[in-house]
Protein chains: 2
Amino acid sequence: MDHPSSAAAKKSTPRERARARTVADIIRLGREHLALHGAAGLSLRAVARDLGVVSSAVYRYVESRDELLTLLLIDAYGELGDEVDAAVDALPEDDYRGRFLALGRAVRQWALREPARYALLFGSPVPGYQAPSERTTEPGTRVIYRMVGIFDAAYRAGALTAEAAPAVVVPPALAADLAAIRGELGVAVPEPELAKGVLAWTSVFGAVSFEVFGQYGPDTFAARDELFEHQLEVLCGIVGL
Amino acid sequence: MDHPSSAAAKKSTPRERARARTVADIIRLGREHLALHGAAGLSLRAVARDLGVVSSAVYRYVESRDELLTLLLIDAYGELGDEVDAAVDALPEDDYRGRFLALGRAVRQWALREPARYALLFGSPVPGYQAPSERTTEPGTRVIYRMVGIFDAAYRAGALTAEAAPAVVVPPALAADLAAIRGELGVAVPEPELAKGVLAWTSVFGAVSFEVFGQYGPDTFAARDELFEHQLEVLCGIVGL
DNA sequence: TAACAAATGTGAGCACCGCTCTTGACACCT
DNA sequence: AGGTGTCAAGAGCGGTGCTCACATTTGTTA
């Protein structure tokens, strides 16, 4: 029988380091191609050319085009999450309103700077590609979890002014979903406020998507910063921040 | 010199009818392919196969792949606009709230029924494709114009309860944009209400996009109808309907 | 140090794509 | 009947994802 053999889980990496470097290079080049030609135009052959290697060689490092898409997806989710975290952490813990505004601005800034990667995350699904949820859900939920965390902290501190829109009732079926979320995430925010938080979530990304995807048209809004800022303010009013 | 020649704008169509039929068939097949493989996967060759014709033949009817995309874009905008119009018109003119809700529901229903076409209209831009605005802006603005019309009618009738969120001020630069819109569309709604209308617009499509593009995840919300209904209710509160 | 085996790079090849061009057949209208 | 314009066909160009047999490099081990 073989000895413990090649010791796959040994300490480190003579070759593995080179391999990791190459994979990182492929991701970096993939990011550039994504920005230039979009997700559908991402070409392993082009990446191989830029890497200075024959096209079939990249298959040693990346299983398929879809695998590269997954890597780029995780990479983008990670960068967005990092920037959102940094923006939120820059404000005091009890500045709930400021933290919500900072989160929204960070999302928008990243999206405007990286439209192709934003489109990969929040735009039309790439046809024929199904993201492997076991690898993408965790990085993909960072932003919303962070937002919920802000709401929860504000609620626990009594800083959620619940008066904003008292008349709207939460139907039972929706309340059940929200209760499940409350349980799963361990948040104290009651259902009505949580429901408004969901609206804030979708509205922030709706506004960003409209701007990034060009739905406003080229000339309708010149004051886009002010428009988004205004939308964040109104959303603050809805959620009670 | 030639006579007035083939009289392109003559009365009717021995040949032109067959041609129009073929173009309509191509659009229909393109719609099916769009649903199956997405905008990026739309293939003229595949359409040609389904049409029972050699690939180069379709270029007699459609200038290019982009041209087919444009036709599908206009086709989809038209159908969405028709359905929204029908849903809104089914309610009395002075039921402003009901008409707004009907508009939102119609958008969502169409989007859920036609996710690929919705993605073509409101998802990530197709890389390398620029819609010819002289042909697409008119059909593409029908829904928002309709929504503005509802707000305007409600305002003129004194049915906009402006109290909803009085504290938010509209910054001057944004006010200028909104004033331009007011002038262009001839609406009476003041800037603060118009600004909230923009938020309602982006929020409706944000909510629909989240659902259609699978951003909620498969299990988070079972009561999606109620969720959307709730979001519409809250938006009603914001705009003052 | 020499040899071996794993990791990596190569190039040909398959089937597909959008698109262009030439060629030949057909239908219509005068 | 003849001219004119429309149309289908097919070859071809350069691109894509991906596979495979083969050659080369490289780390490790004897």
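## Predicted assembly: DNA surface and chain contact

The surface near DNA strand D comprises 7 nonpolar, 6 polar and 7 charged residues. Nonpolar denotes Ala, Val, Leu, Ile, Met, Phe, Trp, Tyr, Cys and Pro, charged denotes Asp, Glu, Lys and Arg, and polar denotes the others, Gly among them. This is a predicted model, in which local features need pLDDT of at least 70, side-chain atom pairs count only at pLDDT 80 or more, and totals for chains, interfaces and linings use all residues. Residues are numbered from 1 along each chain as its sequence is written, while chains are lettered from A and ligands numbered from 1 in the order in which they are written.

DNA strand D is surrounded by 20 residues, the closest being Ser43(A), Ser56(A), Arg65(A), Val54(B) and Ser56(B); a residue is near a strand if its C-beta atom, placed from the backbone, lies within 6 Å of it. α2(A) gives the largest share of this surface, 3 residues.

The contact between the chains draws 45 residues from chain B and 47 residues from chain A, where contact requires C-beta atoms, placed from the backbone, within 7 Å. On the side of chain B that touches chain A, α9(B) provides the largest share, 11 residues. Helices are DSSP runs (H or I, at least four residues), numbered from the N terminus.

| Class, side of chain B that touches chain A | Count |
|---|---|
| Nonpolar | 25 residues |
| Polar | 16 residues |

Chain B can be laid on chain A with an RMSD of 0.1 Å by a turn of 180 degrees and a shift of 0.0 Å along the axis, superposed by least squares on the C-alpha atoms of residues with pLDDT of at least 70 in both copies. The two copies are therefore related as by a two-fold rotation axis.

Technical notes. Contact = placed C-beta atoms within 7 Å. Helix = DSSP H or I, 4+ residues; strand = E, 2+ residues; numbered from the N terminus.
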